[in-house]
Amino acid sequence: MDVTYSLSGADKANYQLSSATGSTTANISPKEVTLTWGTSVFTYDGTEKTITATVEGAQGDDVVTVTTYTDNKKTEAGNYTATATALNNSNYKLPAEASKDWKIKPATGEVTVTLPSETLTYNGEAQTPTPVVKVGDKTLVEGTDYTVEYKDNVNAGEATVTIKPVDGSDYSFEATDKKFDIEPATITVTDLTVADKEYDGDTDADVTINTTTGIVAGDKVTVSATGTFDNKNAGEDKDVTVTYTLSGADKDNYKLAEPTATEKADITPKEITLAWGTSEFTYDGTEKTITATVEGAEGDDVVTVTTY
């Protein structure tokens with residue numbers, strides 16, 4: 001660079017310069033600027049977020065900006081550190097600390113849980129309907145945004161699916177329960193037999209269940225049946241009301257397709273015995289009569305021989 005010399009002081013008139021000009025070399029080091037960072041806290045909304053810094057400390061009309069960064073643009077919720085890496089003007093340099101911590105907070109909102117069906121049927125296995133989980137109108141992803149837990153989801157009754165947020169998800173919400181019902185499975189009696197009987201003075205009928213459908217293999221449930229004739233009297237094709245009942249450790253997981261049925265059966269007359277009265281008489285000119293007493297009647301039935 002060029003140098004111009006001059007003298008000063010009380011005795012300057014006694015001196016003269018051998019040369020009034022000259023040249024030499026020197027360095028101009030870049031000026032260190034300061035950085036003022038913009039917004040550093042965002043809320044996740046599915047769009048890219050960017051953090052930038054404004055340069056302060058430039059001389060005069062110099063326009064100095066940061067031209068490149070690392071980790072200053074992100075979309076997913078999380079904590080990040082952005083670093084300014086270059087300026088547009090070589091007369092300036094970045095400060096030793098050119099980084100800024102920033103974050104995208106998880107989105108918050110009311111979570112809704114929808115199940116394909118809120119009423120299922122008992123099948124002996126754990127029922128795990130797949131939920132659809134949303135915050136607002138955004139559908140969340142299992143494993144990324146939430147976990148699923150089930151409770152009381154085998155036996156008939158009210159079951160629960162619990163949705164819990166995953167740490168680091170883009171969404172923040174409270175754990176949420178969704179209820180669903182497991183209805184009892186249906187048992188159908190497909191074949192039964194009502195036995196004919198001999199008159200015995202009551203209306204009880206003997207019913208045998210031959211086949212049923214709807215019971216899960218291995219379950220402990222039994223279908224029993226009782227039958228009642230429409231009355232106690234002998235007759236053919238009499239109506240019999242059959243009533244079914246369930247028993248066994250797993251009976252609460254089942255219901256009957258029809259709790260009652262109407263069948264037909266006969267009550268045949270009961271054969272009685274006769275006890276004959278006096279059978280030997282001595283002639284005396286009067287009429288003699290022999291009669292029989294009925295034995296073997298049921299209960300309070302009164303049975304007599306009416307004709308001979």
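Start by selecting Gly 235, which stands opposite Ile 267 in strand E29. You are looking at a predicted model, where local features need pLDDT of at least 70, side-chain atom pairs count only at pLDDT 80 or more, and totals for chains, interfaces and linings use all residues. Residues are numbered from 1 along each chain as its sequence is written, and side-chain values use heavy atoms, with hydrogens and water left out.

**The strands around E29**

Now colour strand E27 (residues 235-247), which pairs with E29 in the antiparallel sense over seven bridges. Strands here (E, at least two residues) are DSSP runs numbered from the N terminus, as are helices (H or I, at least four residues). Two of them count as paired if DSSP finds at least two bridges between them.

Click on Glu 198 and you will find Thr 268 of E29 opposite.

Before moving on, stop at Asp 237 in strand E27. The phi angle of Asp 237 is near 50°, a positive value in a residue other than glycine. Is Asp 237 buried or exposed? Asp 237 counts as exposed, at 54% relative accessibility. (Buried means under 20% relative accessible area, exposed over 50%, and partly exposed in between, with a 1.4 Å probe and protein chains only.)

**A loop between E18 and E19**

Select Asp 152, in the loop between E18 and E19. Here too phi is positive in a residue other than glycine, near 55°.

Then pick Asn 153, found in the loop between strand E18 (146-151) and strand E19 (157-165). Asn 153 is buried, with a relative accessible area of 11%. Which residues touch it? Leaving aside neighbours within four places in sequence, Asn 153 is in contact (heavy atoms within 4.5 Å) with Glu 125, Ala 126, Gln 127, Thr 128, Ala 159, Phe 180 and Ile 182.

**Aromatic pairs**

How many aromatic pairs does a search of the whole structure find? The search finds six. Rings of Phe, Tyr and Trp (its six-membered ring) pair if their centres lie within 6.5 Å; planes under 30 degrees apart count as stacked, over 60 as edge-to-face and the rest as tilted.

Show Tyr 44 and Tyr 171, an edge-to-face pair with 5.3 Å centre to centre and 80° between the planes. Tyr 44 lies in the loop between strand E5 (41-43) and strand E6 (49-50) and Tyr 171 in strand E20 (residues 171-172), so the pair ties together parts that are 127 residues apart in sequence. Tyr 44 is buried at 10% relative accessible area, and Tyr 171 is buried at 9%.

Move to Tyr 122 and Tyr 254, also edge-to-face, at 5.5 Å centre to centre and 75° between the planes. This pair links distant parts of the chain, 132 residues apart: Tyr 122 is in the loop between strand E15 (119-121) and strand E16 (132-135), and Tyr 254 is in strand E28 (residues 254-256). Tyr 122 is buried at 6% relative accessibility, and Tyr 254 at 5%.

For one more aromatic stop, select Phe 42, Tyr 80 and Trp 102, which form one cluster.

**A patch on the surface**

End on Ile 290, in the loop between strand E30 (273-276) and strand E31 (292-295), which counts as partly exposed at 37% relative accessibility.
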